[in-house]
Structure formats: C-alpha cells, structure tokens
Amino acid sequence: MQLGLVGLGKMGFNMRERLRGHGHEVIGYDPRPEVSDVSSLADLASTLEAPRVVWVMVPSGQITHDTITELAKVLERGDLVIDGGNSRFTEDRPHADLLERAGIGFVDCGVSGGVWGLENGYGLMVGGAAAEVERAMPIFDALRPDGERADGFVHAGPVGAGHYAKMVHNGIEYGLMHAYAEGYELLEAEDLVTDVPGVLRAWTKGTVVRSWLLDLLVKALEEDPVFAGISGYTQDSGEGRWTVEEAINHAVPAPVISAALFARFASRQADSPAMKAVSALRNQFGGHAVQRISESGQP
C-alpha cells in the first residue's frame, strides 16, 4: 500500500522504516530536506496516487492544525488523512469537519511505543468511521506488534475516540512511572539495601509489578547507576493535564494520576514557595527550626 507520511521526527522516521520493511511504499515529507522524500506538502500530494492516504505525525496543537489545513487544500475528494500525533481529542471533530468539506476522510490514531516501536511495533488506538479505518488497515497491521490484532490495535469508536484513549493511556503512564520512581527513591534511602539496581532487576521476572516501564528503569540505571547526569526537572506533554481535566469533567476520582502530574510541577521548582510556607508555619505554631539561607545563598 502507498502512504504519505508527514513528520519524520523520532517516531515518524522509525514508522517509515517499519512500514517499508513490511513492503509498503512510504513517501515522507519533513521540513528538513536531509530526511524528506519530497520538498513540500503540495509535492507530496502530486507524488501520491489517488485516492491518497496521508498520515500526519507532527507535534500537537497549532502545527497539526496548520498541516491539516494545508492538506485540505492540496488533497482531493476521496483522500484520507490520519492524525497520528498526540492531538487533544477535542480538536479531532473540527479537523474532520474541515476535511469533510473538501470530501476528504479523517481518522485519529493514538500511537504508543516511542523509539522502540520500530522493533517492537506500536500500540494503536483509532477513532473514525468503520470504512475509513478498514481502508487503512494494511498500514495499521504493519505498524502494530506481531500477533493477534486485538493485542495491539483497537477501533475505539468514532472520530476523537482514538486520541481520547491515548490521553487516558498517557495519564496511566504518569501514575505508573511515578510509583516506580518513588519506590526507587525509598530503596536508595535505606542503608540496608546495598544493591538497588539489583532489587529492581529482580522484579522484572515473575513479580506482580513487572512491566516494560520497569525494564526501562533497570536499563536506565545500568547506563547511569545514580542518575548523575540527569536533572530531576520533568516536563509534561499535555496529555496528563487533559486526563485530569477529563476526570474532573466526568467526576471520576483520579488521585494517582493527579498526584503524578503535580509531582512533575514540583520537579521544576528549585526551591518550592509552598514548602517555604509550610516551614514558616511549622515555626510559627510549634517553634520548629527553620533552615535559613545565608548571605552566600547556601542553607
């Protein structure tokens, strides 16, 4: 099958390689000429044979919107656009309507797998009309992991369902990662435990907490045993925030995901104003010692 792929970053580039390895013809476009197969979106459209299928794999937000708007101008009736980026699900319906006015179909696809997807395959969560999803199934089958389709692919519902499912997936990911991180810190804090990486590695087979994320934590510790070269500053891609917002909208208790999100915010504060206030209050009501900052700026 022939596919146009817009966005050849870390994931898009590997997706192109995996698809080509499965016998598909992939024509990629990226602003960086050293990785791009064509020079523009218009060039991509003219190179592809109608009816076209174009997969958009660019950062969420304005870049995705601008790309889909431009594709609506250069593609033709009967073509199909798949948004495989981390777009917010609320953006999918407007994009589908924009393309529909030009007679172009739309499918949203949440993609999980990161840089390991080239080798392991990608978990895919798709939203859209059944006919449009079926049309792109050869592409989905090549990208997903080997084995039963249902183990790595789901048609989650109509337009927006794929990105909603991926949003919740990423919210869960926040919670899982933070639980492992807290366990790691607790192990490091106890002098009785002399081989923290060994303990974590011993959990990777047979235990109830084994997972791919745990495998990756063990790998990270093998590369840097005390994380000496890594800052604690942690960004959030947006999907954790959206998950918490949806939990509020649906009155669904989500304390673990919420706490993991707020912990990322705390990681960006070199000296937390909130914790300064807590320290001051403890001193006011209980006379507890306050650690002062000297004129040199050190505690």
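## Basis of the values

The model is predicted: local features need pLDDT of at least 70, side-chain atom pairs count only at pLDDT 80 or more, and totals for chains, interfaces and linings use all residues. Residues are numbered from 1 along each chain as its sequence is written, and side-chain values use heavy atoms, with hydrogens and water left out.

Strand β5 spans residues 105-112; helices (H or I, at least four residues) and strands (E, at least two) are DSSP runs numbered from the N terminus. Eight of its eight residues are buried, that is, under 20% relative accessible area with a 1.4 Å probe and protein chains only (exposed is over 50%, partly exposed in between). Gly105, Val107, Cys109 and Val111 point one way from β5, while Phe106, Asp108, Gly110 and Ser112 point the other way.

β5 pairs with strand β4 (residues 80-83) in the parallel sense over four bridges; pairing requires at least two DSSP bridges between two strands. Phe106 in β5 is the bridge partner of Val81. From β4 the chain passes through helix α4 (residues 92-100) to β5 in a right-handed β-α-β crossover (with the strands pointing away from the viewer, the path from the first strand over the helix to the second runs clockwise). With strand β6 (residues 123-127), β5 pairs in the antiparallel sense over five bridges, and Gly123 in β6 is the bridge partner of Ser112.

## Surroundings of Leu200

Leu200 belongs to helix α9 (residues 196-202) and counts as buried because its relative accessibility is 1%. Not counting residues up to four places away in sequence, Leu200 touches Tyr184, Leu187, Leu214, Leu217, Val218 and Leu221 (contact means heavy atoms within 4.5 Å). Tyr184 is 16 residues from Leu200 along the chain, and their C-alpha atoms are separated by 7.9 Å.
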